[in-house]
Amino acid sequence: MQFTVRLPDEYQEKVSVAARRMGLKKSDIARLALKQFLDENLGKDSRTPFEKVRHLLGSAESGIKDLGKEHRRHLIAKLRKGA
């Protein structure tokens with residue numbers, strides 16, 4: 001199947017450079033990009049939103065034992081110190 005796509009001028013050079021570096025045709029670059037987009041957006045991903053971003057979440061140690069309970073008091077004290 002043939003598929004025509006209009007792209008902004010700034011993409012032309014970037015696609016050409018990528019194709020040269022990878023030893024591919026420009027149409028191969030377009031197919032790879034389209035495949036990745038479809039896989040990411042239409043793939044059968046049954047994970048919950050939390051599971052999708054779990055690797056981005058973490059924890060940090062502040063050293064303040066009651067920070068969760070007394071966060072407002074600690075914030076006000078820090079603002080008053082100017083730090």
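**Asp66 is partly exposed, with a relative accessibility of 28%.** Here buried means under 20% relative accessible area, exposed over 50%, and partly exposed in between (1.4 Å probe, protein chains only). The model is predicted: local features need pLDDT of at least 70, side-chain atom pairs count only at pLDDT 80 or more, and totals for chains, interfaces and linings use all residues. Residues are numbered from 1 along each chain as its sequence is written, and side-chain values use heavy atoms, with hydrogens and water left out. Asp66 pairs with Arg73 in a salt bridge (a side-chain nitrogen of Lys or Arg within 4 Å of a carboxyl oxygen of Asp or Glu). Their closest N and O atoms lie 3.1 Å apart.

**Arg73 joins Asp66 and Glu70 in a salt-bridge network.** Arg73 also bridges to Glu70, with 3.5 Å between the closest N and O atoms. How accessible is Glu70? Its relative accessibility is 31%, so Glu70 is partly exposed. Arg73 is partly exposed as well, at 46% relative accessible area.

**Arg20 and Glu13 form a salt bridge between their side chains.** The N to O distance is 3.7 Å. Arg20 has a relative accessible area of 58%, so this residue is exposed. How many salt bridges does the rule give? The count is five.

**A nonpolar patch lies on the surface, with members including Met1, Phe3, Val5, Leu7 and Tyr11.** Leu34, Phe37, Leu38 and Leu42 belong to the patch too. Together the patch residues have about 1000 Å² of accessible area. Patch members have over 30% relative accessible area and no salt bridge; like charges are joined within 9 Å, nonpolar side chains (Val, Leu, Ile, Met, Phe, Trp, Tyr) within 5 Å. Which helix supplies the largest share of the patch? Helix 2 (residues 26–42) does, with four residues. Leu38 sits in helix 2. Its relative accessibility is 37%, so Leu38 counts as partly exposed.

**Leu57 lies in the loop between helix 3 (49–53) and helix 4 (71–81).** Is Leu57 buried or exposed? Leu57 is exposed, at 51% relative accessible area. Leu24 is 33 residues from Leu57 in sequence. In space, their C-alpha atoms are 37 Å apart.

**The protein chain has four helices and zero strands.** Helices (H or I, at least four residues) and strands (E, at least two) are DSSP runs, numbered from the N terminus. Along the sequence the pattern is α-α-α-α. The C-alpha atoms fill a box of roughly 65 × 35 × 25 Å along the principal axes. The radius of gyration of the protein chain is 24 Å, whereas a compact globule of 83 residues would be near 12 Å. That radius is taken over C-alpha atoms, and the globule rule is 2.2 Å times the number of residues to the power 0.38.

**Of the 83 residues in the protein chain, 5% are buried.** The chain exposes about 8500 Å² (Shrake-Rupley method, 1.4 Å probe; for residues, only the protein chains shown count as cover). The chain carries 19 positive and 11 negative charges. Lys and Arg count as positive, Asp and Glu as negative; His and the chain ends are not counted. Each charge is placed at NZ of Lys, CZ of Arg, CG of Asp or CD of Glu. The mean positions of the positive and negative charges are 3 Å apart.
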